[in-house]
Amino acid sequence: MARRAAIIGGGVIGGGWAARFALMGWEVRVYDPDPEAERKIGEVMAGAVRALPMLFEAPMPARGAISFHDSLAEAVEGAEYIQESVPERLDLKHKVYAEIQGACDPGAVLASSTSGFKPSQLQEGAARPGQIVVAHPFNPVYLLPLVELVPGEVAAPDILEKAREILTGIGMYPLHVRAEIDAHIADRFLEAVWREALWLVKDGIATTEEIDNAIRYGFGLRWAQMGLFETYRVAGGEAGMRHFMAQFGPCLSWPWTRLTDVPEFTDELVDLITEQSDAQSGHMSIRDLERLRDDNLVAILRALKMQGAAAGRLIRAQDDRMRGPLEETVPMVTVRRVVPVDWTDLNGHMNEGRYGQVFSDASEELMTHVGADQAYIDAGNSYFTAETNIKYLAETLAGEEIFVETRVTLGEGKKLRLWHEMKRASDGEVLATGDQFMLHVSLETRRSCPPLDHVRENVERLARMHAEA
Ligand SMILES: NC(=O)C1=CN([C@@H]2O[C@H](COP(=O)(O)OP(=O)(O)OC[C@H]3O[C@@H](n4cnc5c(N)ncnc54)[C@H](O)[C@@H]3O)[C@@H](O)[C@H]2O)C=CC1
Ligand SMILES: C[N+](C)(C)CC(=O)CC(=O)[O-]
């Protein structure tokens, strides 16, 4: 049975949480008094369904259902994890916790999305303060893995541990914020950068677009992969961090920042920023911008995944968690995945080279299944492909789910031949076929040789099974 999460407040952030939990196989119950909540979450979900599965090579769990409830008590019933994402008002959050704690399982995690309140402020006056933690996410919650997990002094250790296990399980990176502080860690940076940017616009130094360009063409790219301190260590050259600090330390007392002042949020400043923002991005709807943002984030995260770096490492780990053993059906389903946005070409469909990659992935899955796995390869044996014949039968587009059915058509001594059919999941249409001939090789001599007994026996067994069916 699917595990159950409750989402209290289904706006921008609650919608993102609902989508992430549901896509990771959880049953999700939502409570939000806004009559538009279901429609709004539907929009967020549509974006998430397109984007999140593109990150993974492994099949995602069966999607959990999202249901909408008229009462908060009904929504939290039976939930192991409750995420509060109501507006950033302390009195409202307190009122909502009283209602939640009157109805929920005392062992459930009660987590708040708050951008700035400390757990001690949220826990004040609660029936069970130890149940409440901060789990501060980043928009879009379904794609960005960071969640600041702040227990404060009184959150119960088992609640904290449970929150950590659940958040990791849904592919997030719970950053344990050990001491509570207003606005946690990341929002301190965002607030500082935001404040500085407001000054630059107010003082007529730069437009909103120029500021965005200053970020996205330069240091924004560095931050996504190395953060701040590692980046500056490299910037110190061979002499490293110490040299960097010696060179740039004095600037801290030069007028390089106006951070200590708060720009007054006058109507004039709000109008100026709104006008510049309209001129910069007003030609696109919010949904178009969200889609652009998501496609770019997917491409960046997949590139980091290839490198095994930063957030890409987490996606690899999630792939490993989601990848299960192959089932010995005839034919065998060797690949089940979504076409990612970085696999498409000028024609807007999956590039022909990727068909080869999908069939190669299918063969690797089958190799692993028969015992020619990484350990076998490390010990000096493997299969090499000698010939592949691909027929391209239909187009497939980014975001579509595909799967590959594989049959062993020959398994004799060092010869292994596979017949792959790539199909679209929504209608079963065959998109391509791949006829692949492989030879078992010694990685020492780089020449063909018979496989070890256990691999040979497995290959022959599958070949017999597939021939009989
Ligand atoms: N928008 C952002 O960029 C981020 C916001 N947050 C935090 O997430 C929380 C929610 O923010 P947003 O989603 O942006 O706000 P939002 O305004 O988009 O959504 C809030 C939702 O709560 C609902 N709501 C109001 N009273 C309620 C009640 N008594 N019970 C249940 N639902 C109720 C509203 O109808 C609305 O749908 C805030 O604490 C905010 O600080 C955290 C990270 C990023
Ligand atoms: C602006 N904000 C403080 C609500 C931002 C966040 O809390 C995190 C984010 O997603 O940027």
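Which domains does the domain assignment of the chain give? I found domain 1 (4-176), domain 2 (186-283) and domain 3 (325-468); the bounds come from an automatic or database domain assignment.

I noted that this is a predicted model, in which local features need pLDDT of at least 70, side-chain atom pairs count only at pLDDT 80 or more, and totals for chains, interfaces and linings use all residues. Residues are numbered from 1 along each chain as its sequence is written, chains are lettered from A and ligands numbered from 1 in the order in which they are written, and side-chain values use heavy atoms, with hydrogens and water left out.

I checked the confidence. The chain has a mean pLDDT of 96 (the predictor's confidence in each residue, from 0 to 100). I also read ipTM 0.98 and pTM 0.93.

I looked up the spacing of two domains: the C-alpha centres of domain 1 and domain 2 are 31 Å apart.

I turned to ligand 1. There are 22 residues around ligand 1, each with a heavy atom within 4 Å of it. I13, D32, E88, K93 and S115 come nearest. I sorted the shell into 10 nonpolar, eight polar and four charged residues; Gly counts as polar. Helix α4 (90-101) is one supplier of at least two residues, and its three residues are the largest share. I took helices as DSSP runs of H or I, at least four residues.

I listed polar contacts (pairs of N or O atoms within 3.5 Å). A polar side-chain atom of S115 is 2.8 Å from an oxygen atom of ligand 1, and a polar backbone atom of I13 is 2.9 Å from one.

Technical notes: A polar contact is a pair of N or O atoms within 3.5 Å; within protein, one must be able to donate a hydrogen and the other to accept it, and residues adjacent in sequence count only if both atoms are side-chain atoms.
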